[in-house]
Amino acid sequence: MIDKEFHVLGLESSCDDTAAAVLRFETSGRAHILSSVVMGQNALHAAYGGVVPEIAARAHSERIDLCVEQAVKLPGLQLKDVDVIAATSGPGLIGGVLSAVMCAKGLAKGLGKPLIGVNHLAGHALTPRLTDDIAFPYLMLLVSGGHCQFLAVKGPNDFSRIGGTIDDAPGEAFDTVARLLGLPQPGGPSVEQWAKTGDPNRFKFPRPLLDRSGCDMSFSGLKTALLRTRDALVDAQGGLYDIDIADICSGFQTAVGDVMAEKLSRAIKEFLAVSPMGQTVAIAGGVAANDYLRGRLAAICSNHHMSFTAPPLALCTDNAAMIAYAGGTLYQLGQVDDQRLSARPRWPLDVAQPALLGGGKKGAKA
Ligand code: KG4
Ligand code: ZN
């Protein structure tokens, strides 16, 4: 156990955000974010309707040094003041993951500091402890463009997957829906905006896997149903009116909400059966930005007398503060890597579970 204050530099480049952050860990274990720099790449990928791995990888390698420089300078520190270097070493787009890993290895070697490889999903899953000091165990719903899983978080290194998507992640489905309807990317915010004025009942989209027991989810059939609806409207009318777009968005979002709400209800029961002390459900990932879905999930938690929490949006989406936090936590436990650290495209958090078919990592944002 580390009994003195230390600074962690965290690096993240597993998808389309290049990020660096510095955290100060107190002797008590509490951590404070001193800086969190995120350079997004939406503009670089906008023309392609999704993340292009080669473009992402090049942008990461061009920007990671700049992110590090800014993250260290912002709180008035120098590189020599950093005690630990942590980097996402998977899962993610391999060309991108390599940027943070190689940069972290170079820094650790050059500065003679410990190096720690962090699982990106663990970074997301531990964030509620950084932001709200939530006690173990808690139930985490991670929903983003590349991920979708219910995790029982029992310790810094102890995660059980209770369920997840068997094909696409929900963020990917939102992005696809936006693409099919000609709305701007990323699709989540566009679809949510249009859904506000739509009629959720005009189109009845399927609620996949609700008839099956367990907490697994599926979103690909929903996309297909929506495609058919769009094509039928275009055939009949020669195009889509604004009201059609709003009604489709609303019907789609409501279907996602119904599925997530029911599956969360089941996940809470499963979680409490093995972790009766659990009191909290946390949500993270870009889809957690959706007010409608948050409302639906919060209502389910309230029915089950569980508290519901979501980190601030900037820490729900990809960032390096969560990586520095997870890295610092591992450092406190004495779990340090060395120069053999490698980048891993796939790295399930719960190795005891068989891999899900799609694992929610089918989209570009894997
Ligand atoms: O966590 P994130 O920034 O990146 C990764 O996927 O790793 O999540 C981005 C995803 C995108 O698919 C985006 O469409 C979705 O989160 N998203 C939303 C909303 N805002 C972002 N989905 C639904 N509603 C939103 N308001
Ligand atoms: Zn992520």
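This is a predicted model: local features need pLDDT of at least 70, side-chain atom pairs count only at pLDDT 80 or more; totals for chains, interfaces and linings use all residues.

Reader: How many residues does helix 3 have, and how far does it reach?

Author: Helix 3 covers residues 94-111, which is 18 residues. From its first C-alpha to its last it reaches 25 Å, close to the expected 26 Å.

Reader: Which residues of helix 3 are buried?

Author: The buried residues are G96, V97, S99, A100, V101, C103, A104, K105, L107 and A108.

Reader: And what covers them?

Author: The cover includes strand 1 (6-12), helix 2 (53-73), strand 4 (84-90) and strand 5 (115-119).

Reader: What follows helix 3?

Author: G112 follows, with a positive phi near 65 degrees.

Reader: Turning to the rings, how many aromatic pairs are there in the whole structure?

Author: A search finds six. One of them joins F25 and Y325, which are stacked with 5.8 Å between centres and 15 degrees between planes. F25 belongs to strand 2 and Y325 to helix 11, 300 residues apart, so to speak of this pair is to speak of a link between distant parts of the chain.

Reader: Are F25 and Y325 buried or exposed?

Author: Both F25 and Y325 are buried. Ring pairs also link them with F6 and Y331 into a cluster.

Reader: Why is the pair of F136 and Y138 called stacked?

Author: Their planes are at 5 degrees, with the ring centres 6.0 Å apart, so the pair counts as stacked. F136 is partly exposed because its relative accessibility is 25%, whereas Y138, at 0%, is buried.

Reader: What lies over the face of F136?

Author: R129 does, at 3.8 Å from the ring centre.

Technical notes:
Residues are numbered from 1 along each chain as its sequence is written. Chains are lettered from A and ligands numbered from 1 in the order in which they are written. Side-chain values use heavy atoms; hydrogens and water are left out. Helices (H or I, at least four residues) and strands (E, at least two) are DSSP runs, numbered from the N terminus. The expected span of a helix is 1.5 Å times one less than its number of residues. Buried means under 20% relative accessible area, exposed over 50%, partly exposed in between (1.4 Å probe, protein chains only). Contact means heavy atoms within 4.5 Å. Rings of Phe, Tyr and Trp (its six-membered ring) pair if their centres lie within 6.5 Å; planes under 30 degrees apart count as stacked, over 60 as edge-to-face and the rest as tilted. A charge sits over a ring if NZ of Lys or CZ of Arg is within 6 Å of the ring centre and within 35 degrees of the ring normal.
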